[in-house]
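Here is a briefing for a reader who is meeting this structure for the first time. Please look over the sequence and the model before going through the points below.

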Amino acid sequence: MPFGSEIALTPDLSPCERLYIRLFGVPILGLRVRARAIFPLLEKVGQPSRILDAGSGRGVITLACARRFPQAQVVGVDLLEEQNAYNNHIARQSGLENARFLTHDALRLSDLGSFDLLLSIDTLEHLEDDLGAVRMFRHTLNPGGYLIVHVPHLTRYLFGWQRLNWMDIEGHVRPGYTRQGLIDLLSAGGLQVLECRYTYNSLETMANDLSKLITGGLERNKGLYALAFPCLMGIANLGALYRPRKDGSGLVALAQREA
């Protein structure tokens with residue numbers, strides 16, 4: 001089953017859109033690249049009983065965690081009430097009874113109890129007080145619990161060309177982080193950084209830039225994007241053959257609260 005194809009169950013999609021998603025999976029290229037970097041880290045977190053996806057958006061990663069850890073209670077939180085309703089519908093239709101989505105402020109996670117695994121995927125760059133958020137993540141984790149975080153790198157790399165990584169994304173308060181800057185931030189928040197590496201190599205970055213050029217990041221030009229997406233994913237999948245060591249446009253980290 002193509003990654004994210006359960007999104008075809010979204011109630012207001014046309015039959016053509018449903019078929020397209022069943023064939024190609026969720027047609028969000030950046031999400032696919034990030035997921036490819038995040039999922040290997042799930043092999044390193046044991047068997048968590050409670051998982052929280054802080055800023056779950058379309059819910060694709062939340063549902064993937066529910067499928068990967070069927071014994072766990074998996075909670076996605078986001079401020080978009082309508083999207084959460086769609087996500088809960090998809091979870092029920094997919095038979096993922098261990099997943100639920102709540103309309104909740106991601107800065108008040110401790111209200112939901114404690115968790116063994118917390119995911120923060122491209123959220124820290126939206127927060128003025130990112131250190132306060134990391135401290136909150138630590139407080140929300142059980143002792144020995146894990147945090148997986150993905151953020152944009154400070155600079156965007158494309159075959160040697162380097163530029164500031166703003167990308168005109170609404171809500172960003174900073175373009176991103178350096179690798180050492182992210183390590184220092186997580187450490188200052190009281191977490192032990194176990195791994196921090198680059199994501200989005202040049203091929204993946206090029207595919208993502210072309211995707212953004214077509215859609216404007218706002219789901220514009222859907223017909224053109226539908227035609228281009230399989231080719232763009234082909235480029236990004238070639239990028240999956242190697243991982244960037246020092247020139248990625250993103251960062252993913254695995255950190256742990258002390259036992």
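In this predicted model, the buried residues of helix α3 are V60, I61, T62, L63, A64, C65 and A66. Helix α3 spans residues 60-68, and because seven of its nine residues are buried, the helix is largely enclosed by the rest of the structure.

**Residue I28**
- I28 lies in the loop that runs between α1 (15-24) and α2 (29-42), and with a relative accessible area of 26% I28 is partly exposed.
- When residues up to four places away in sequence are left out of the count, I28 touches R58, Y225 and F229.
- Between I28 and E125 there are 97 residues of separation in sequence, while their C-alpha atoms are 20 Å apart in space.

**Cysteines**
- With a disulfide taken as a pair of cysteine sulfur atoms within 2.5 Å, the count for this model comes to zero.
- C16 is in no disulfide, since the nearest cysteine sulfur, which belongs to C231, is 19 Å away; C16 counts as exposed, at 63% relative accessibility.
- C196 is likewise in no disulfide, and the nearest cysteine sulfur to C196, that of C65, is 19 Å away; at 7% relative accessibility, under the 20% cut-off, C196 counts as buried.

Technical notes. Residues are numbered from 1 along each chain as its sequence is written. This is a predicted model: local features need pLDDT of at least 70, side-chain atom pairs count only at pLDDT 80 or more; totals for chains, interfaces and linings use all residues. Side-chain values use heavy atoms; hydrogens and water are left out. Helices (H or I, at least four residues) and strands (E, at least two) are DSSP runs, numbered from the N terminus. Buried means under 20% relative accessible area, exposed over 50%, partly exposed in between (1.4 Å probe, protein chains only). Contact means heavy atoms within 4.5 Å.
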